[in-house]
Amino acid sequence: MIPRRLFRPVLFLAVLAVISGLFTTATAAPPAGRPDPFPSEVGPERPDVIGRTLAPDPITDLGAPISSLTVMEGTVGHTSDGRDVVYAVPAGENANLNVVDLHSRQLLHVVPLPGAAGAWGIVVASDGKLYVGTYPNAHLYRYDPVTAAVTDLGRPIIGESFIYGLTADGNGNVYGGTYPNAHAFKYDAGTAQVTDYGSLDPVEQYARSTVYDPDHNALFVGISTPVGKLLRIDLATGAVQNVTPASLIATDIIDLDYAGGRVFANASGKLAVVDAVTFEQVKFTDTATGTLVLTYPLAARGVSGAGPGGVYFTTATTLNLMRYDLDANTVGTVTTPPIRMTRGAAIGYGWVTENGQQILYGLTGNYSGGTFRYDPIARTLAQWSSPFQYVPVALQHTIADPATGRVYVNAYLNGSTSYYDPATGKATVTARQGQVEGWSWGAGSKMWVGIYPYGRLQLWDTALPESTTNPKVLFSLVDSDHQNRPFAVVPAGDSVYVGTTPGYGEYGGAITVYDVPTNTYKVYRNLVTDQSIASLLPIGSSVWAGSAIEGGQGTEPRATEAHLVKVDPATGAVTADVVPVPGAASINELTIGPDGNIWGLADGNVFVASKTTGAILRTYTVFSGRITGHDGALSWRDGYLYGVSGGRLFVLDGLGGTSTILRDHGLNRLTEGPDGTYYSLLRLDGWTIPTNLASYRPPVDPCPTSDLRTNVWTGNINSHVLNRFLEYGCTLADVLPDAKAQWPSHGAYVVAVDRKLRQLEAAGQVEYWEGVLIRIAAAVSNVGR
């Protein structure tokens, strides 16, 4: 016990210390002598990092969990020795051109395209050479079937990342479109010179397709999102003309083809035909109904070149093989009953002469190498899968099953899903989800999944086989509410909350509240004007939402900083609106901390906010730089906040606020398995896309039931000394004598506290004035009384 004659002076000093402590900021240095939780691995400080970077590499590369086949477009050509072949570029890091013999169905060549991840443009020129336009490097490659060699012709338009919709003229020259500045260009095969026709629209970012008009030496270009346009370039003068018919209204004008003086276009999933001279939309007869129509359902990379009977394509929904008769100006199935493409929509065509007769060959579906042969005279169809090379695919999302420990991984664009089993180290392919933007576990083996590009929520029972109702589609927002990327999918009670970005060319994301028992939903759009909803956190009867300044793809942000808003899910009313980090572009993740407050990730900053008012209590900077709305994850463990953002894996002391960068590049997403292992998606050094799964094992927590209160308490008394970690996982409150133990007397507890504080003071882990306050608190507490 403190002697009575010393109690008042000590108490006075203690009060002064408490008052002084109230003015300590969140960024104040920790007490002298405080040990580093990662003492042996501190590396050099990086100029763009506030915190530390550790070495050696803390993550374990678990390999590529999904090897798949994604082909966006293909075409038919011929080798110098007379072989008929099909060309395709399966998407993947440092993608390869695949050359397959159409008749022997053998893979003849696999030729690297260094720097390419896939191809949206592929065409055979008049001299028989193949040209490929790629992404994300936007290079043009030329394949010579005589030498089986590829020449990298470089990037035709500096600053572009995608080449789309290649076409060729009769002199071996090649034309194409680009993203993100909607250029059209010509590559002259004779001079190797590039003609840039310029950025074709001040708003639109996609020049998605081109087709050469040999009758008038003109180039037609399809422009996409937010308003589809058909442009014509006079190649003699370079003049650009908007020739979009007034009757043709679409978001996208893609997959252009030319035949019989007409331009064929995929106008937002419908076949549209435009006269190449008058630029009027052509009406044609639907043979099934006998009526004149302006459009027809289309699911294909355009139509084939002209051949016996006209041009051919696959229709939407049924995937029947259809024919547009150029002479009769009609559309109908090629046979009765119809012939259906069983492997998907047509994604490439080419005519091959066999025994003096033209036969149509092509590819179908993006994911199986589907190939077909159609004889227009006999009206017979053969279908098979070509042996294109499967490759590790880009990964989009990951989530661990809290019950089984399986780690589910979804593929970008391809939409395949597999799970990694930590017990066996093996990955198993499961249901194809579509491209996952956000997912969360529901009850048992069920998962709520948000799918792009449909703005779709679906329910997947991972314990049941894939079927037409598993995954089960619950709703889609792309048509009704112009939402396409469900970044945040968060279940709570009888509701599932979904935060989305708007569709192409649109502004204003939304929060959708799905009521599970009634299978109904409400959509609240533009809660943060012109911004997307990137994160959600239900608390009580309200939902907190973090925004991102970005609009739909193809737009430039109108807003300048992200907001944190409190929303009434019953009405959509915004009851609180704050800017947690001025100038931050997005709030990517929200979570409840051990202190009961909201903790959020805004770009490279972690902020703490009141869960009632949203008032910002503290802010910690982990790294500098802006982050997109889908990049960021947070997870609490052992009183520390682990996160992944901007490629970095970091950990932040939840009490002291100091941060450590565990790995400074190459990671995306973060999920925790039931054994405490973290998993993330890994982009290998030198690569441009994440293809591998990685794991990280946090240090073992020696104090698994830590006291994480902000201040140190002795029983019922708050000492007002800031609690903090003395070593990884163990706080100052943890190492003090346990107030909940069965003490023989109050004095015994006070003596034990004093003895421990002497050790901590000697080690420099507790300041003398802090020890005084804790001793006073112990002395007046009810422990042992």
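Student: What is the average pLDDT of the protein chain, and where is the pLDDT below 50?

Tutor: pLDDT is the predictor's confidence in each residue, from 0 to 100. The protein chain averages 92, and 93% of the residues score at least 70. Over residues 1-54 the pLDDT is below 50, and this stretch has 74 contacts (heavy atoms within 4.5 Å) beyond near neighbours in sequence. Where pLDDT is low, the predicted coordinates should not be read in detail.

Student: How many helices and strands does the protein chain have?

Tutor: There are 4 helices and 63 strands. These are DSSP runs, numbered from the N terminus: H or I of at least four residues for helices, E of at least two for strands.

Student: Why are Cys 703 and Cys 730 called a disulfide?

Tutor: A disulfide is a pair of cysteine sulfur atoms within 2.5 Å. The sulfur atoms of Cys 703 and Cys 730 are 1.9 Å apart, and the count by this rule comes to 1 disulfide. The pair links distant parts of the chain, 27 residues apart: Cys 703 is in the loop between β59 (692-696) and β60 (711-714), and Cys 730 is in strand β63 (residues 730-731).

Student: Are those two cysteines buried or exposed?

Tutor: Buried means under 20% relative accessible area, exposed over 50%, and partly exposed in between (1.4 Å probe, protein chains only). Cys 703 has 18% relative accessibility, so it counts as buried, and Cys 730 is buried because its relative accessible area is 4%.

Student: And what makes Trp 769 partly exposed?

Tutor: Trp 769 has a relative accessible area of 37%, which is why it is called partly exposed. Its place is in helix α4 (residues 768-780).

Student: Why is the pair of Phe 264 and Tyr 324 called edge-to-face?

Tutor: Rings of Phe, Tyr and Trp (its six-membered ring) pair if their centres lie within 6.5 Å; planes under 30 degrees apart count as stacked, over 60 as edge-to-face and the rest as tilted. A search of the whole structure finds 30 aromatic pairs. For Phe 264 and Tyr 324, the centres are 5.1 Å apart and the planes lie at 85°, so the pair is edge-to-face. Phe 264 lies in strand β20 (residues 262-267) and Tyr 324 in strand β26 (residues 321-325), so the pair ties together parts that are 60 residues apart in sequence. Both residues are buried.

Student: How do you know that Arg 648 sits over the ring of Phe 623?

Tutor: A charge sits over a ring if NZ of Lys or CZ of Arg is within 6 Å of the ring centre and within 35 degrees of the ring normal. The charged end of Arg 648 sits over the ring of Phe 623, 4.0 Å from its centre. Arg 208 lies over the face of Trp 120, at 5.1 Å from the ring centre.

Student: Which ring cluster includes Trp 120?

Tutor: Ring pairs link Trp 120 with Tyr 135, Phe 162, Tyr 164, Tyr 179, Tyr 206 and Tyr 504 in a cluster.

Notes
Residues are numbered from 1 along each chain as its sequence is written. This is a predicted model: local features need pLDDT of at least 70, side-chain atom pairs count only at pLDDT 80 or more; totals for chains, interfaces and linings use all residues. Side-chain values use heavy atoms; hydrogens and water are left out.
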